[in-house]
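Trainee: I have a new model open and would like to learn how to read it. Could we go through it together?

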Amino acid sequence: MNGEFIMVKETLKAGQKPTKAQILEIRAAGKKAVVYTSDAPQLTKKELSEFKQINAENRKKIPCTLRLSKKSLEWWKSLGEGYTAAMARMLEDAQNHPEIIRKII
């Protein structure tokens, strides 16, 4: 595969564990050499530090209080560890779909 790159993205659901095949694929990818090109040059230390700052700002979460019915909270908790992160992602995704919000309000 000279010069060819294949990228596969899989998303695991909350509480879902990766398969053995997925773990092996990740480990194999981690052992491959990084190849820099004019399209994807190596970043400088300054560029990396700026990226980390931007990334940290985007990922910062602010605690809030949310009132839910007992049934709803039990359902979310049934998803297991990470259920609050799943709730946050769902709310963020809803921002991109105003028709969902209009339907609910």
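Mentor: Happy to! A residue counts as buried when its relative accessible area is under 20%. Keep in mind that this is a predicted model. Trp76, with a relative accessible area of 11%, is therefore buried.

Trainee: What share of the 105 residues in the protein chain is buried?

Mentor: Buried residues account for 5% of them. The chain's accessible surface is about 10700 Å², and carbon and sulfur atoms hold 58% of that area.

Trainee: Back to the tryptophan, then. How many aromatic pairs does the structure hold?

Mentor: It holds one. Trp75 and Trp76 make up that pair, in an edge-to-face arrangement, with 4.9 Å from centre to centre and 85° between the planes.

Trainee: Which elements make up the fold, from the N terminus on?

Mentor: The order is α-α-α-α-α, that is, five helices and zero strands. Take H1, residues 20-31: its twelve residues reach 17 Å from first to last C-alpha, close to the expected 16 Å. H1 is also hardly covered, as one of its twelve residues is buried.

Trainee: And how do I read a pocket?

Mentor: Rolling a probe the size of a water molecule over the atoms shows where empty space is left. Here, the second largest pocket has a volume of about 370 Å³.

Trainee: Which residues line the second largest pocket?

Mentor: Lys61, Ile62, Pro63, Cys64 and Leu66 are among them, and so are Thr84, Met87, Ala88, Leu91, Glu92 and Gln95. By class, the lining has seven nonpolar, two polar and two charged residues.

Terms used. Residues are numbered from 1 along each chain as its sequence is written. This is a predicted model: local features need pLDDT of at least 70, side-chain atom pairs count only at pLDDT 80 or more; totals for chains, interfaces and linings use all residues. Side-chain values use heavy atoms; hydrogens and water are left out. On a 1 Å grid over the protein atoms alone, a cavity is a set of points where a 1.4 Å probe fits but cannot get out, and a pocket is an open set with protein on both sides within 12 Å along at least five of seven lines; lining residues have an atom within 4 Å of a point. Grid points are joined across faces, edges and corners, and a volume is the space filled by probe spheres set on the points. Ala, Val, Leu, Ile, Met, Phe, Trp, Tyr, Cys and Pro count as nonpolar, Asp, Glu, Lys and Arg as charged, and the others, Gly among them, as polar. Rings of Phe, Tyr and Trp (its six-membered ring) pair if their centres lie within 6.5 Å; planes under 30 degrees apart count as stacked, over 60 as edge-to-face and the rest as tilted. Buried means under 20% relative accessible area, exposed over 50%, partly exposed in between (1.4 Å probe, protein chains only). Helices (H or I, at least four residues) and strands (E, at least two) are DSSP runs, numbered from the N terminus. The expected span of a helix is 1.5 Å times one less than its number of residues. Accessible areas come from the Shrake-Rupley method with a 1.4 Å probe; for residues, only the protein chains shown count as cover.
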